[in-house]
Amino acid sequence: MNLAYCDAFASFIRKSLISMKVEDEHFNTLSGLVYDIKMDLHPEDGYFLSTKKTLDVTDAYGKSYRITVEEL
């Protein structure tokens with residue numbers, strides 16, 4: 001079984017978006033709000049359904065986006 005790096009990639013993306021907000025004035029409108037990473041879990045029992053991770057982001061104008069990291 002090979003390792004999947006979905007957690008690492010999702011974490012890197014989230015941290016990058018947060019740091020862009022603070023350090024670069026050109027990206028302030030790009031990343032207004034960066035939410036926590038969500039895992040693909042069974043809705044009732046909570047076990048992993050896949051390695052997929054999602055990250056919701058809202059820009060300064062209120063438009064929302066979903067970034068998905070998924071093993072192929």
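Q: Which residues does H42 touch, leaving aside those up to four places away in sequence?
A: H42 touches Y47 and L49, where contact means heavy atoms within 4.5 Å. This is a predicted model, in which local features need pLDDT of at least 70, side-chain atom pairs count only at pLDDT 80 or more, and totals for chains, interfaces and linings use all residues. Residues are numbered from 1 along each chain as its sequence is written, and side-chain values use heavy atoms, with hydrogens and water left out.

Q: Where does H42 lie?
A: H42 lies in the loop between β1 (33-41) and β2 (48-58); strands are DSSP runs of E with at least two residues, and helices are runs of H or I with at least four, numbered from the N terminus.

Q: Changing topic, how many salt bridges does a search of the whole structure find?
A: The search finds four, a salt bridge being a side-chain nitrogen of Lys or Arg within 4 Å of a carboxyl oxygen of Asp or Glu.

Q: What does D7 pair with?
A: The side chain of D7 meets that of K53 in a salt bridge, at 3.2 Å from N to O. The pair links distant parts of the chain, with D7 in helix α1 (residues 6-23) and K53 in strand β2, 46 residues apart.

Q: Is K53 buried or exposed?
A: K53 is buried, at 4% relative accessible area, whereas D7 is partly exposed at 49%. Buried means under 20% relative accessible area, exposed over 50%, and partly exposed in between (1.4 Å probe, protein chains only).

Q: Which residues are linked in a network of salt bridges?
A: K38, D56 and R66 are linked in such a network.
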